[in-house]
Amino acid sequence: VIYEKGMHDEHYPASTTKVLTALLALENMELDYKITLPDDYVNVGETNIGLRAGARQTAEELLMATMLYSANDAAQALAIGAAGSEQAFVDMMNQRVAELGLQHTHFANPHGLHSEDHYTSAYDLAMIAREAMDNPEFRRIVTTESFVVRRVNGEENFTVSNRNGLLNQFEFADGIKTGYTRQAGNCIVASATKNDMQLIAV
């Protein structure tokens, strides 16, 4: 840790939650794995790509929508695909946090929409991000500028663009994820690499 201020204080993480969602999805599914949403699927809303019951998308499409566009429904779909249900996936999230030895984090959902029981700290989020950036596919995804999500049900394809403005503003930037809810405010987990040194800021 080069600089810290209140690094163990607990805060709402908003969509920076999706760093762990994407990592667990990558660890539990192949990129071409097709996820079909169940009949009882309910889209959580807010930022989304319009998924509904019966939709069938690849893990890669959902990962791109989750990490570039911050689509909450794509994060839901990844959770269902990786664990069978959102709740089972949330259990996986909290188990992984415990494995990493992080003591100021508890997740209640895979997308980061507000819940009083959904929080982390700057330190914990940095450790999750460091773990994720060790995954080559994760690194590729978070530096992708845009991606076309192929849509089923006769709908038009959906182009997702990366919302991390640092990628265009700072030549060494290589990730990772922005977030916002009214309760959390603006959040970012940022990464930059130069001369084999990588720094992560939360």
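A residue is called buried here when its relative accessible area is under 20%, exposed when that area is over 50%, and partly exposed in between, using a 1.4 Å probe and protein chains only. By that rule N135, at 18% relative accessibility, counts as buried.

The structure is a predicted model, in which local features need pLDDT of at least 70 and side-chain atom pairs count only at pLDDT 80 or more, while totals for chains, interfaces and linings use all residues. Residues are numbered from 1 along each chain as its sequence is written, and side-chain values use heavy atoms, with hydrogens and water left out.

**Helices**

Helices (H or I, at least four residues) and strands (E, at least two) are DSSP runs, numbered from the N terminus. Helix α2 covers residues 59-67, and eight of its nine residues are buried, so this helix is largely enclosed by the rest of the structure. The buried residues of α2 are A59, E61, L62, L63, M64, A65, T66 and M67.

Helix α1 (residues 18-28) meets α5, their axes coming within 9 Å and crossing at roughly 35 degrees. Axes are lines fitted to C-alpha atoms, for helices over the stretch in contact, and angles run from 0 to 180 degrees between N-to-C directions. The crossing of α1 and α5 is left-handed, a term used if the near helix is turned anticlockwise from the far one by less than a right angle (right-handed if clockwise). On the α1 side the contact involves V19, L20 and L23, and on the α5 side I128, A129, E131 and A132. Contact means heavy atoms within 4.5 Å. The residues of this contact divide into six nonpolar, no polar and one charged. In that count Ala, Val, Leu, Ile, Met, Phe, Trp, Tyr, Cys and Pro are nonpolar, Asp, Glu, Lys and Arg are charged, and the others, Gly among them, are polar.

**Two loop residues**

N135 lies in the loop between α5 and α6 (136-142). Its side chain reaches the backbone nitrogen of E137 at 3.0 Å. Leaving aside neighbours within four places in sequence, N135 is in contact with L23 and L26. L23 also takes part in the contact of α1 with α5.

E116 sits in the loop between α4 (86-99) and α5 (122-133). In contrast to N135, which is buried, E116 is exposed, with a relative accessible area of 60%. The side chains of E116 and Y12 are joined by a polar contact of 2.7 Å. A polar contact is a pair of N or O atoms within 3.5 Å; within protein, one must be able to donate a hydrogen and the other to accept it, and residues adjacent in sequence count only if both atoms are side-chain atoms. E116 and Y12 are 104 residues apart along the chain, and their C-alpha atoms are separated by 8.1 Å.

**The sheet**

Strands of a sheet pair through backbone hydrogen bonds, either parallel or antiparallel. In this model an open sheet of three strands has the order β5-β6-β7, with antiparallel pairing. Two strands pair if DSSP finds at least two bridges between them. The edge strands, each pairing on one side only, are β5 (173-181) and β7 (197-201). Neighbouring strands are turned by 5 degrees against each other on average, direction ignored. Helix α5 packs on the sheet, touching β5, β6 and β7, and its direction makes about 140 degrees with that of β7.

Eight bridges join β5 to β6, and five join β6 (residues 185-194) to β7. The following bridge partners lie in the sheet.

| Residue | Partner | Strand of partner |
|---|---|---|
| G179 | C187 | β6 |
| S191 | I200 | β7 |

β5 and β6 form a hairpin with three residues between them. The hairpin of β6 and β7 has two residues between the strands, and N195 there takes a positive phi near 50 degrees.

**Backbone exceptions**

Most residues other than glycine have a negative phi, and most peptide bonds are trans. D196, in the loop between β6 and β7, has a positive phi of about 65 degrees although it is not a glycine. D196 is exposed, with a relative accessible area of 82%. A14, in the segment before α1, also is not a glycine and has a positive phi of about 50 degrees. At 1% relative accessibility, A14 counts as buried. A cis peptide bond joins G175 and I176, with omega about 10 degrees; I176 belongs to strand β5.
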